[in-house]
Amino acid sequence: WSASLDEYYRMMRYGAEAVKRADPTAIVTTAGYAGIRTDIVNHLRAYTYPDGKCPLEFVDVLNVHYYSGRKPPETATEDGNAGVTANTTFVQDLRELTAWRDQYAPDMPIGMTETGYDSAGPFGTTETIQAARLPRVVMLCLASGIDKVFVYRESGSTPSMHACSGLLRNDFTEKPSWFTFVTLLRQFRNVKGGAVRLPHADDNVWLMKWDAGGKPLLTAWTVEGTARLGLDLGTCTVTDAFGAKLNAKQTSDLDVTAFPLYIRDLQASPAWSALLQAHEASEKKRLQRRERALARRKMLFDFGGTK
């Protein structure tokens, strides 16, 4: 869309109302915004029609896109596809996006209808890095409250922007990401949305706790490189990113890499209890910081034009 957002919203209402007249049960989404920051999506409620309504009232699903390009999703502050650089990370922006939804449209699902990784070309890295990061970006979205994630794309290996983001190559042979994505799907078959990040002494290590049919599923990976889990969670089942299973008797010496591990059948142990308690304490502090920030007095200064 090359015109102004105001022009888009005027056109969008005609289309949205026509769709609902034709089929009241049809689902209408917003445009697929390139970027997930709230200063982008907030136009949905800031723009007003002559009758006082806003575009947010004419859609059923919030629709966003995100690509971190060559950066790891956990620490990325740039969305190359949207041409946006910020001082907040992808994960922080996800959290703010779902908080915005909860405040202004609490029943509205969010669809990440485009995300993925180019495995070559000016926007990409390698097939190996794509295989490591793709499951992670999906998990980060789901953990933050995104309802559905669409991976772009099924096939493609031409080394130009997004033409090589397929899980299959042009000849339909499988890239490594095909297998790591299949493992994610199998492991998440009975997982409910939403997860919490558990604390670890090494910031490079990400531990996420999920509800898998009433039982905990722990996912573990590094942003980059290799680290030791360093936590004895007792006997459990460990599945690597490619689907290989290990019946572990202890996990302290478990190597954690950029390829996610899926840890199930966890038993009650001091280390597991300590992890959960540490998370509760840090989450309480985070929410208190957010409440203090929201309560602060804000002022907007106009320093004039650009000349």
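Q: What makes a run of residues a helix here?
A: A helix is a DSSP run of H or I with at least four residues, numbered from the N terminus. The model to which this is applied is predicted. Thr38 lies in helix α2, which spans residues 38–41, and such a run meets the requirement of at least four residues.

Q: How do you know whether Thr38 is buried, exposed or partly exposed?
A: The relative accessible area of Thr38 is 27%. Buried means under 20% and exposed means over 50%, so Thr38 is called partly exposed.

Q: What makes Glu96, Leu97 and Trp100 residues that Thr38 touches?
A: Contact means heavy atoms within 4.5 Å. With residues up to four places away in sequence left out, Thr38 touches Glu96, Leu97 and Trp100. By contrast, a C-alpha separation of 29 Å is found between Thr38 and Gly166, which lie 128 residues apart along the chain.

Q: Why is the aromatic pair of Trp100 and Tyr104 called tilted?
A: The two ring centres are 5.5 Å apart, and the limit for a pair is 6.5 Å. The planes make 55 degrees; stacked requires under 30 degrees and edge-to-face over 60, so the pair is tilted. Both residues belong to helix α4 (residues 90–104), where they are four residues apart, about one turn of the helix. A search of the whole structure gives 12 aromatic pairs.

Q: What makes Arg45 a residue over the face of Tyr104?
A: The charge, taken at CZ of Arg, must be within 6 Å of the ring centre and within 35 degrees of the ring normal. Arg45 lies over the face of Tyr104 at 3.9 Å from the ring centre. Arg197 lies over the face of Trp206 in this way too, at 3.6 Å from the ring centre.

Q: Why are β7 and β12 said to stand at the edges of their sheet?
A: The sheet is open and has six strands in the order β7-β8-β9-β14-β11-β12, with antiparallel pairing. β7 (196–198) and β12 (245–248) each have a single partner strand, so one side of each lacks a neighbour in the sheet. Neighbouring strands are turned by 30 degrees against each other on average, direction ignored.

Q: How do you know that β11 and β14 pair?
A: Pairing needs at least two bridges. Strand β11 (residues 236–239) and strand β14 (residues 261–264) have three bridges in the antiparallel sense, so they pair. Thr239 stands opposite Tyr262, and Val238 has Ile263 as its bridge partner. Helix α6 (residues 176–187) packs on this sheet and touches β9 (215–222), β11 and β14, with a direction about 20 degrees from that of β14.

Q: Which residues point each way from β11?
A: Cys236 and Val238 point one way, Thr237 and Thr239 the other, and all are buried. In a regular strand the side chains alternate between the two faces of the sheet.

Q: How do you know that β2 and β5 pair?
A: Strand β2 (residues 62–65) and strand β5 (residues 110–115) run parallel and are joined by four bridges; at least two are needed, so they pair. His65 has Glu114 as its bridge partner in β5. Both strands belong to an open, parallel sheet of four strands in the order β1-β2-β5-β6.

Definitions and conventions: Residues numbered from 1 in each chain as written. Predicted model: local features only at pLDDT ≥ 70, side-chain atom pairs only at ≥ 80, totals over all residues. Heavy atoms only, no water. Axes fitted to C-alpha atoms, helices over the stretch in contact; angles between N-to-C directions. Phe/Tyr/Trp six-rings, centres within 6.5 Å; stacked < 30°, edge-to-face > 60°. Buried < 20%, exposed > 50% of the residue type's maximum accessible area, 1.4 Å probe, protein only.
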